[in-house]
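User: Hi! Could you walk me through this one? I'd like to start with the charged pairs.

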Amino acid sequence: MTVFHCSRCGNALTPDLTALPTVPAVPGIDVARPEGARQAPPTVPQGYYAIEPEPWGAPFVPQEDQDNPVPSQPRGLLRATLDGFVISAGARDTIVLHPDDGSVLQPLPCWENSTGCCGPDGTEGPNRACPCGARIATLAADCSGPWELHLDPVRTYAFTPPDAHR
């Protein structure tokens with residue numbers, strides 16, 4: 001079991017979580033959702049986490065092949081700006097978890113970096129902070145993409161008690 005903490009203040013950010021070997025695939029956007037649900041099903045089940053090895057989140061840079069673009073980030077959609085189709089140049093090894101497992105995290109003032117249709121799309125940079133104010137996570141919760149929370153791998157750290165490996 002692993003608990004993630006804020007690198008600035010040491011505050012516990014999650015309950016005990018169990019590692020998954022990889023980030024699970026996200027059901028397609030056309031998957032039936034419960035009545036009134038605006039998000040896709042969560043990428044990671046509650047009580048678990050996975051490490052995203054690929055770049056994820058802001059900043060975004062123009063893709064080399066503008067004629068054959070790929071999604072802007074893992075489990076994401078195509079994204080275009082005035083520069084054309086873009087791809088994530090964000091952090092590698094973000095910690096992906098169920099949004100409810102980061103319940104102590106707070107939205108930034110005035111919902112900064114939280115643009116989206118039905119929720120933040122996660123493309124503008126960190127949009128969640130530790131109670132101490134450190135910007136440490138990005139919630140992706142828009143209707144057009146995955147529903148997941150990404151902890152910054154530099155601004156957070158994992159603690160696994162030694163007896164957890166027995």
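Analyst: Happy to. A salt bridge here is a side-chain nitrogen of Lys or Arg within 4 Å of a carboxyl oxygen of Asp or Glu. Keep in mind that this is a predicted model. By that cut-off, the side chains of Arg92 and Glu54 form a salt bridge, at 3.9 Å from N to O.

User: Where do Arg92 and Glu54 sit in the chain?

Analyst: Arg92 is in the loop between S6 and strand S7 (94-97), and Glu54 is in the loop between S3 and S4. They are 38 residues apart, so the pair links distant parts of the chain. Glu54 counts as partly exposed, with 40% relative accessibility.

User: How many salt bridges turn up in the whole structure?

Analyst: Four. One of them brings together the side chains of Glu52 and Arg75, at 2.6 Å from N to O. Glu52 belongs to strand S3 (residues 48-52), while Arg75 lies in the loop between S4 and S5, 23 residues apart.

User: Is Glu52 buried or exposed?

Analyst: Buried, because its relative accessibility is 4% and the cut-off for buried is under 20%.

User: What else does Arg75 pair with?

Analyst: Its side chain also meets that of Glu148 in a salt bridge, 3.0 Å from N to O. Glu148 is in strand S11 (residues 148-151), and 73 residues separate the two partners. Glu148 is buried too, with a relative accessible area of 0%. Through shared partners, the salt bridges join Glu52, Arg75 and Glu148 into one network.

User: Nice. Switching to sheets: what is the strand order in the open sheet of three?

Analyst: The order is S4-S6-S5, with antiparallel pairing. Strand S4 (60-62) and strand S5 (80-81) are the edge strands, each pairing on one side only.

User: How many bridges join S4 to S6?

Analyst: Three bridges join S4 to strand S6 (residues 84-88), and these two strands run antiparallel. Pro62, for instance, has Val86 in S6 as its bridge partner.

User: And the largest nonpolar core, which residues have the most contacts inside it?

Analyst: Leu105, Ile136 and Leu151, in a core of 17 residues. Strand S1 (3-6), S7, strand S10 (135-140) and S11 each supply at least two of the core's residues.

User: Which strand gives the most?

Analyst: S10, with three residues.

User: What does Ile136 touch, leaving out residues up to four places away in sequence?

Analyst: Its contacts include Leu13, Leu105, Cys130 and Leu151, and also Arg128, His150, Asp152 and Arg155.

Key. Residues are numbered from 1 along each chain as its sequence is written. This is a predicted model: local features need pLDDT of at least 70, side-chain atom pairs count only at pLDDT 80 or more; totals for chains, interfaces and linings use all residues. Side-chain values use heavy atoms; hydrogens and water are left out. Two strands pair if DSSP finds at least two bridges between them. Helices (H or I, at least four residues) and strands (E, at least two) are DSSP runs, numbered from the N terminus. Buried means under 20% relative accessible area, exposed over 50%, partly exposed in between (1.4 Å probe, protein chains only). A nonpolar core is a set of buried Ala, Val, Leu, Ile, Met, Phe, Trp, Tyr and Cys residues joined through side-chain atoms within 4.5 Å. Contact means heavy atoms within 4.5 Å.
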